[in-house]
Amino acid sequence: MSYKANENRYSDMIYNRCGKSGIKLPAISFGLWQNFGDNNSLENIKAMIFRAFDLGVTHFDIANNYGPPYGSAEENFGRILNSDLKTYRDELIISTKAGYDMWPGPYGNWGSKKYLVSSLDQSLQRLGLDYVDIYYHHRVDPETPLEETMSALDLVVKQGKALYVGLSNYGAEETKKASEILKKLGTPCLINQASYSMFNRWIEDGLEDATHEEGIGIIAFRPLAMGLLTDKYLNGIPETSRAAHNSKMKSTITEDKIAKAKLLNEIAKERDQSLAQMSLAWILRKGLVTSALIGASKVNQIEENLATLNNLNFSNEELDRIDEILK
Ligand SMILES: NC(=O)c1ccc[n+]([C@@H]2O[C@H](COP(=O)([O-])OP(=O)(O)OC[C@H]3O[C@@H](n4cnc5c(N)ncnc54)[C@H](OP(=O)(O)O)[C@@H]3O)[C@@H](O)[C@H]2O)c1
């Protein structure tokens, strides 16, 4: 039986305007980086996407090389779009990106026009779509002129293959320069996708302000520090966690971080929230971040995370205590 979306899906979600654009994004969006390739069953992938959409998540974020293997997250999402979400296409904001390693040789990486244009063509084919809503340059390319990379973003919009463009992993100065070029080309930048969490506050040091001055929205990726800012690792590394199978992630789980997570968890409990919920509410606390971009491996994580929206308020005392812990 094919999927039918929850009729009340828009009742509890908050939608925030993305910069100075016409687009509103859900306060919590869903990303398909880690568990949406051929390393997961299509059944579980479908269950997570349907549950997110039923709870009002209208924005799904992918990149050309999400998998594993590269491209498989787009293929799986494309299958689901085709089999179950076709009638909901106009209710969805789907993004993809190019900028990291994708195919061998000099044209499958970084920021040339050659790479960005051909990668989007491949992404559209895997997704089975005529256009994506947002196309990102995934990281700064120090060797390609910024004008070339931005003109590739402008071109795909003019070709109708993307509606909006975004920047990811760009610093404050690079964002300003890229935004100026895009404005001149007539394709203003919609959104900046940057890492941000209680354990990673670098955007507060200039990027947040620069992005706002340019009228660009912010979507915060890795808001849960890949699970460290949930109750998952408070008492060790569970066998079913991302860290158990990923040595790079495992190396981020230090005694200091766990000690801080435990203290933060105490504040979360006083707020009647889980640590994951408080971490997401904290991302949204100033109204400067348009959307927190979460990942998940299970439906119940999505449900827990979306229930964050029941309490987004912090007292000054709570914020001070959090700052003290994070020092
Ligand atoms: N632009 C970029 O360069 C870039 C880079 C990275 C990510 N991203 C985007 O950001 C998205 C999110 O990244 P992320 O997955 O690293 O973010 P995250 O939300 O910080 O971490 C998600 C992971 O945390 C765990 N988790 C989530 N909710 C939980 C809960 N309620 N209780 C316990 N554990 C929970 C799960 O880990 P387990 O899998 O262990 O269960 C889940 O896979 C990606 O999908 C992608 O779209 C972009």
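Visitor: Which element gives the most to the lining of the largest pocket?

Guide: Rolling a probe the size of a water molecule over the atoms shows where empty space is left. On a 1 Å grid over the protein atoms alone, a pocket is an open set of points where a 1.4 Å probe fits, with protein on both sides within 12 Å along at least five of seven lines; lining residues have an atom within 4 Å of a point. Here H10 gives the most, with three residues; helices are DSSP runs of H or I, at least four residues, numbered from the N terminus. This is a predicted model, in which local features need pLDDT of at least 70, side-chain atom pairs count only at pLDDT 80 or more, and totals for chains, interfaces and linings use all residues. Residues are numbered from 1 along each chain as its sequence is written, and side-chain values use heavy atoms, with hydrogens and water left out.

Visitor: How many residues line the largest pocket?

Guide: The lining has 45 residues, and Trp33, Gln34, Asn35, Arg242 and Gly295 lie nearest the centre.

Visitor: Which residues are closest to the ligand?

Guide: A residue is near a molecule if one of its heavy atoms lies within 4 Å of it. The ligand is surrounded by 32 residues, with Asp61, Ser168, Lys232, Arg242 and Ser297 the closest. H10 also supplies the largest share of this shell, three residues.

Definitions and conventions:
Helix = DSSP H or I, 4+ residues; strand = E, 2+ residues; numbered from the N terminus.
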